[in-house]
Structures are given as structure tokens and as C-alpha cells.
Amino acid sequence: MVSTTFDNLNESKKVLITDALLNEFSNHSLASAQVSRIVKESGIARGAFYKYFDDLTDAYNYLYHLAMRDIHQNIDTDSDDQLRPNDYVEQVRDFIEKSTNSRYFALVKMHLLYNESTFSASFNNQLITENEFHWATQVMIHDAIKQIMVSPDSKEIILQKLAKILRVLAKEDD
């Protein structure tokens, strides 16, 4: 958990550290990330890094949640609404567009390709309590996003397939 010491830093220093984290985690998997590169780029002492974060995983969690909050901003993800299959597909389209045009694109792609398995238990535990339709929808959406991030040229085909299978699950006619 990010320390209150980090939370209380002046904004420019937080931005400098966050930018160094973004550079590190956008170019290196969590397994190959190094505190030494982060502290060198941000100009902080190694001890300061450990005052702000428990370890690299803690720093990664901070940054990834910041990225998701930024990318999901203005995307309606309220699952209490009775969303129709096309609504889910539009959410995926919005997410892909926002993440592709975001400064966090490389981070999200690195997460999906290399780091996701480290954090998949918490994602799966959140979904387990959902009804079957919502669970299946979220699993398929997540996989569609991953496929699109890896192969952007396939976006429309993947979104069409996602829409079709979601309509089948929702028992909607074409």
C-alpha cells in the first residue's frame, strides 16, 4: 500500500516518481523491473523509494490502479444497470480507444502480456460472486481487450465476435 509519505509529497515530485514508474513498467515486466532504474530516473534515494512503496509490486499496483482509473474515467461501468450486449461492446471500444490514446497504453499492454498472472486471483475473486451472465461477459470482455491490444488490426473482427456471443448469452436475436 502506498504510504502516506508518498501521498503527502508535493505534486511535482509525485509526478516525477510516477513518470519514472510508468517508464519502468511500460518497458519492463514486473519480474524484470528494477528499483535502481526508477530511483535514478526520478532522482530519489533508494531508501525514499521504500518509504513510499513496500516493494516493486506495491509501486506497480499504485501505478496500474492510477492508469485504470484514468482510462475508465467517463466510461459507464455501473453493473447495476441492465446493460445490453451492444452496450458492453461499446464499453470495450471506449476502453480500447482511451487506452490506445493514453499515456498508459504500453503499461496496459505490458500488464496483459506479462504481469496479469501475478494479479489474476484478485480479478477472478471479484467475478466469482457475480451471476453467470455477468461473469461470462467480464471474462470474454477481458480476453477481447487482451487480443485487441496484442493485435490491433483485428479489433473490428474481435468486437463483432464479442457482440455475437454476448447476444447469444443474453438470448437476444441478431
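E156 is partly exposed, because its relative accessible area is 37% and the class covers values between the cut-offs for buried (under 20%) and exposed (over 50%), taken with a 1.4 Å probe and protein chains only. The model is a predicted one, in which local features need pLDDT of at least 70 and side-chain atom pairs count only at pLDDT 80 or more, while totals for chains, interfaces and linings use all residues. Residues are numbered from 1 along each chain as its sequence is written, and side-chain values use heavy atoms, with hydrogens and water left out.

**Overall make-up**

- The protein has 9 helices and 0 strands, where helices (H or I, at least four residues) and strands (E, at least two) are DSSP runs numbered from the N terminus.
- Along the sequence, the elements follow the pattern α-α-α-α-α-α-α-α-α.
- Of the 174 residues in the protein, 40% are buried.

- Side chains of opposite charge can pair when their charged atoms come close.
- The structure holds 5 salt bridges, each defined as a side-chain nitrogen of Lys or Arg within 4 Å of a carboxyl oxygen of Asp or Glu.
- E156 forms one of these salt bridges with R93, and the closest N and O atoms of the two are 2.7 Å apart.
- Taken together, E90, R93 and E156 are linked in a network of salt bridges.

- The side chains of K146 and E116 meet in a salt bridge, with a distance of 3.4 Å from N to O.
- K146 lies in helix α8 and E116 in helix α7 (residues 105-128), so this pair ties together parts that are 30 residues apart in sequence.
- K146 counts as partly exposed at 27% relative accessibility, whereas E116 is buried, with a relative accessible area of 14%.

**Packing of helices α5 and α6**

- Helix α5 (residues 56-72) and helix α6 (residues 85-100) pack at an angle of about 120°, with their axes 9 Å apart; axes are lines fitted to C-alpha atoms, for helices over the stretch in contact, and angles run from 0 to 180 degrees between N-to-C directions.
- The two helices, α5 and α6, are therefore oblique to each other, a class left over once angles under 35 degrees count as roughly parallel, over 145 as roughly antiparallel and 65 to 115 as roughly perpendicular.

**Surface patch and V150**

- L113, Y114 and V150 form a nonpolar patch on the surface, with about 300 Å² of accessible area together; such areas come from the Shrake-Rupley method with a 1.4 Å probe, and for residues only the protein chains shown count as cover.
- Patches are made of residues with over 30% relative accessible area and no salt bridge, like charges being joined within 9 Å and nonpolar side chains (Val, Leu, Ile, Met, Phe, Trp, Tyr) within 5 Å.
- V150 lies in helix α8 (residues 132-150) and counts as partly exposed at 45% relative accessibility.
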